[in-house]
Amino acid sequence: MRHLIVLVAALTLGGCAAHSAAPPPAEDELYQALGGQSGIERIVEGLLINIADDERIVSHFVDADIDRLFEKLVEQICMESGGPCEYTGDSMEDSHAGMDITEGDFNALVENLIVAMTAEGVPVTSQNRLLHRLAPMRGSIIYR
Ligand code: HEM
């Protein structure tokens, strides 16, 4: 009898587990896929190095405060990927005002970001998820 009770309990518990839904993905899943804080710092460093080598867009950055840009980009990507950060920089409209950034410039920066993420071993699906989050900013950045 005791065995029967144990068996019924085991079946019931097992049944419940089988019926319960898979846990939802963690909110910071993308942040983790980017390598967390240190991974994002390496990606942004790589991005800035790639920009410095990119004659299509480097001229836009000659007067930029690169330390601040690094810090604000890390905050922004951390926040956009669900990490524990708050973006404290200026709006995209204000930061790119008067720069006359074209679609081609925008695409060039995105290419540099992809190269930096690939170098850090970020899976393509995660790369696409981050790009998807940044894409809506395009209208606030180009032709300002
Ligand atoms: C998804 C695309 C982009 C994102 C997410 C982005 C993000 C940012 C952020 C967070 C800042 C710092 C704002 C602050 O200082 O408070 C910034 C500044 C800047 N961005 Fe962008 N940006 C993008 C595209 C571009 C493009 C395409 C260019 C030019 C080719 C560009 C040129 C600059 C420059 C030169 C600054 C520095 C301004 C300064 O120090 O005075 N950005 N951007």
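**Salt bridges and the iron site**

Reader: Which residues are linked in a network of salt bridges?

Author: Asp54, Arg56 and Glu111 form such a network. A salt bridge is a side-chain nitrogen of Lys or Arg within 4 Å of a carboxyl oxygen of Asp or Glu. The model is predicted, so local features need pLDDT of at least 70 and side-chain atom pairs count only at pLDDT 80 or more, while totals for chains, interfaces and linings use all residues. Residues are numbered from 1 along each chain as its sequence is written, and side-chain values use heavy atoms, with hydrogens and water left out.

Reader: How many salt bridges does the structure hold?

Author: There are 8 salt bridges in the structure. One of them pairs Arg42 with Glu120, with 2.8 Å between the closest N and O atoms. Arg42 belongs to helix H3 (residues 36-52) and Glu120 to the loop between H6 and helix H7 (124-134), so this pair ties together parts 78 residues apart in sequence. Helices here are DSSP runs of H or I with at least four residues, and strands are runs of E with at least two, numbered from the N terminus.

Reader: Is Arg42 buried, partly exposed or exposed, and which of these is Glu120?

Author: Buried means under 20% relative accessible area and exposed means over 50%, with partly exposed in between (1.4 Å probe, protein chains only). Arg42 is partly exposed at 41%, and Glu120 is partly exposed at 32%.

Reader: Where do Arg68 and Asp90 lie?

Author: The side chains of Arg68 and Asp90 form a salt bridge at 3.6 Å, N to O. Arg68 is in helix H4 (residues 66-80) and Asp90 in the loop between H4 and H5, so the bridge ties together parts that are 22 residues apart in sequence. Arg68 is partly exposed at 37%, and Asp90 is partly exposed at 42%.

Reader: In which helix do Lys72 and Glu75 lie?

Author: Both residues lie in helix H4, 3 residues apart, about one turn of the helix. Lys72 is buried at 12% relative accessibility, and Glu75 is buried at 16%.

Reader: What is the protein donor of the iron atom of the ligand?

Author: Donors are N, O and S atoms within 2.8 Å of the metal (3.2 Å for Na, K and Ca); water is not among the atoms, so sites may look incomplete. The only protein donor of the iron atom is His96, through NE2 at 2.0 Å. His96 is placed in the loop between helix H5 (92-95) and helix H6 (103-119).
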